[in-house]
Amino acid sequence: MEDAITGAYIVAFSLFIIGMRMLTHPTTARRGNMIAAVGMAIAVVATLLKEDVGDYGLIAVGIAIGTAVGIPSARSVRMTAMPQMVALFNGVGGGAVALIAFAEFRHAGGHLPSEELIPILFAAIVGSISFWGSNIAFGKLQELIPGRPISVPGQQVVNGALALVAVGAAVAIAAGSESEGLFLLLLVAAAVLGNMVVLPIGGADMPVVISLLNALTGLSAAAAGLALDNTALIVGGMIVGASGSILTNLMAKAMNRSIANIVAGGFGGVTTSASADGDEDRTVRSTSAADVAIQLAYADQVVVVPGYGLAVAQAQHAVREMADILEKKGITVQYAIHPVAGRMPGHMNVLLAEADVPYDSLREMEEINPDFPRTDVSIVIGANDVTNPAARDVQDSPIYGMPILDVDKSESVIVLKRSMASGFAGIDNPLFYDEKTSMLFGDAKASVDEVISELKAL
């Protein structure tokens, strides 16, 4: 039986890897997700076949509750709420690992060999941090708590003290203490630390934070797998931990900031001016759907720059229809994707794939930036911070040095916004006042629909 279980685990994590590999392209992503899900089902069944599993009735109740909550939630969530859903589901994983660690410690009465105890202590600390940190990320994205940085005096000192308490309790337990109270202290200190680490991080950094917390959950799961001698859990956790770490690093580089700087918090949510000249009499140039349609109809190349506003308005299908009309007129349409556009990694890619936008039309920042000087019209839909030229021109701007999409180098720029409100980072955007920029105010989907009507009438 043990050999059969081991074989099932090998099949399971092989399917995990195959599924993840297929997630790299929209045309195979759905199938890859299903393959990975089958792998997880095999891993669960294999685990249940172990002789020391325990109360099958209680397990059945847990599976039923999880299924009843998980499936309706996943099916009903809107794309605009997907970032907070990802944060919430990730947090549940970290919390489960922390509870498993405590249950194992309590079941053994603290009498565990070092090769099991140390991974359990690591899993408890990291899982608890991930759970509570993910809850704060969810609250900020869902706007249950303010998206701006929230900190206390001596924030870093407080965080250091909490980390010291958690690690100190772990060391005491590893040294021979069998106290459940000490283990609970470890969990509580890690929980407060998770809250305190994410609260000072502004909303603009949430994509990176979600990725980082996802990596932490994976590492804690791998540690729990070591303690439980569960091969599938080890491999699955390491895949999540490694991929999450790589993604976090790539996103931090895309913002030209270190992960330590992001975790230190304090960025995003406070409205500041990013004007290079300090001119308070700046004006914006409002336009109409008819004028936009004329500009687009006479263009040779158009670049669409999607942002969170596209997701809020659910305008991706309308944008695809507009692009189809332009392409029938012989106009080249491309989509410029910034690594941290939206509120979770790959947010814009998922939205556009949902509208069946050809994958070859999606261009990453490094690839599309050289094309902007040759672009006749750039259409910015809700992408505030990733198009802000202050990152390039204003040295005292909070985002100075962050690579951006060079839309201001286009022949003309059209920005679709509801109002002149700042982006998620809370920073004013000089692009809006550029003489080549026109603002089309209103709901993005309604505005694009009007442009489509005008294009059809030309």
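## Salt bridges

The structure, which is a predicted model, holds 12 salt bridges. Side chains of opposite charge can pair when their charged atoms come close.

One of these salt bridges joins the side chains of Glu180 and Arg106, with an N to O distance of 3.7 Å. This pair links distant parts of the chain, for Glu180 belongs to helix α7 (residues 180-198) and Arg106 to helix α4, 74 residues apart. Glu180 is partly exposed, at a relative accessible area of 33%, whereas Arg106 counts as exposed at 52%. In another salt bridge, the side chains of Arg320 and Asp324 meet at 3.0 Å, N to O. Both residues lie in helix α13, 4 residues apart, which is about one turn of the helix. Arg320 is partly exposed, with a relative accessible area of 21%, and Asp324 is partly exposed at 26%.

## A network of charged residues

A further salt bridge is formed by the side chains of Asp408 and Arg392 (2.3 Å, N to O). Asp408 is in the loop between α16 (390-393) and β5, while Arg392 is in helix α16, so the pair ties together parts that are 16 residues apart in sequence. Asp408 counts as buried because its relative accessibility is 13%, under the cut-off of 20%. Arg392, at 32%, counts as partly exposed. Through salt bridges that share partners, Arg392, Asp393, Asp406, Asp408 and Lys409 are joined into one network.

In soluble globular proteins, nonpolar side chains tend to be buried together. The largest nonpolar core here has 41 residues, and Val305, Phe372 and Leu405 have the most contacts inside it. Elements that each supply at least two residues of this core include α5 (114-141), α9 (231-254) and β1. Helix α8 gives the most, with 5 residues. Apart from this core lies another, of 40 residues, among them Ala289, Tyr308, Tyr335 and Leu416.

Helix α8 (residues 206-228) also contains Ser211, which counts as buried at 3% relative accessibility. Beyond residues up to four places away in sequence, Ser211 touches Gly244, Leu247, Thr248, Met251 and Pro345.

## Helix α14

In helix α14 (residues 347-354), the residues His347, Met348, Leu351 and Leu352 are buried. They lie on the same side of α14 because they cover an arc of only 120° around the axis. The buried residues of α14 pack against several elements, including α4 (82-107), α13 (316-328) and β2 (332-337). Just after α14, Asp356 takes a positive phi of about 60°.

## A nonpolar surface patch

Met1, Val45 and Leu49 form a nonpolar patch on the surface, together having about 310 Å² of accessible area. Met1 is placed in the segment before α1 (2-22) and is exposed, with a relative accessible area of 61%.

How values were computed. Residues numbered from 1 in each chain as written. Predicted model: local features only at pLDDT ≥ 70, side-chain atom pairs only at ≥ 80, totals over all residues. Heavy atoms only, no water. Buried < 20%, exposed > 50% of the residue type's maximum accessible area, 1.4 Å probe, protein only. Arc of directions from axis to C-beta. Contact = heavy atoms within 4.5 Å. Patch = residues over 30% accessible without salt bridge, like charges linked within 9 Å, V, L, I, M, F, W, Y side chains within 5 Å. Areas by Shrake-Rupley, 256 points an atom, 1.4 Å probe, with all protein chains shown as cover. Salt bridge = Lys/Arg side-chain N within 4 Å of Asp/Glu carboxyl O. Core = buried A, V, L, I, M, F, W, Y, C linked by side-chain atoms within 4.5 Å.
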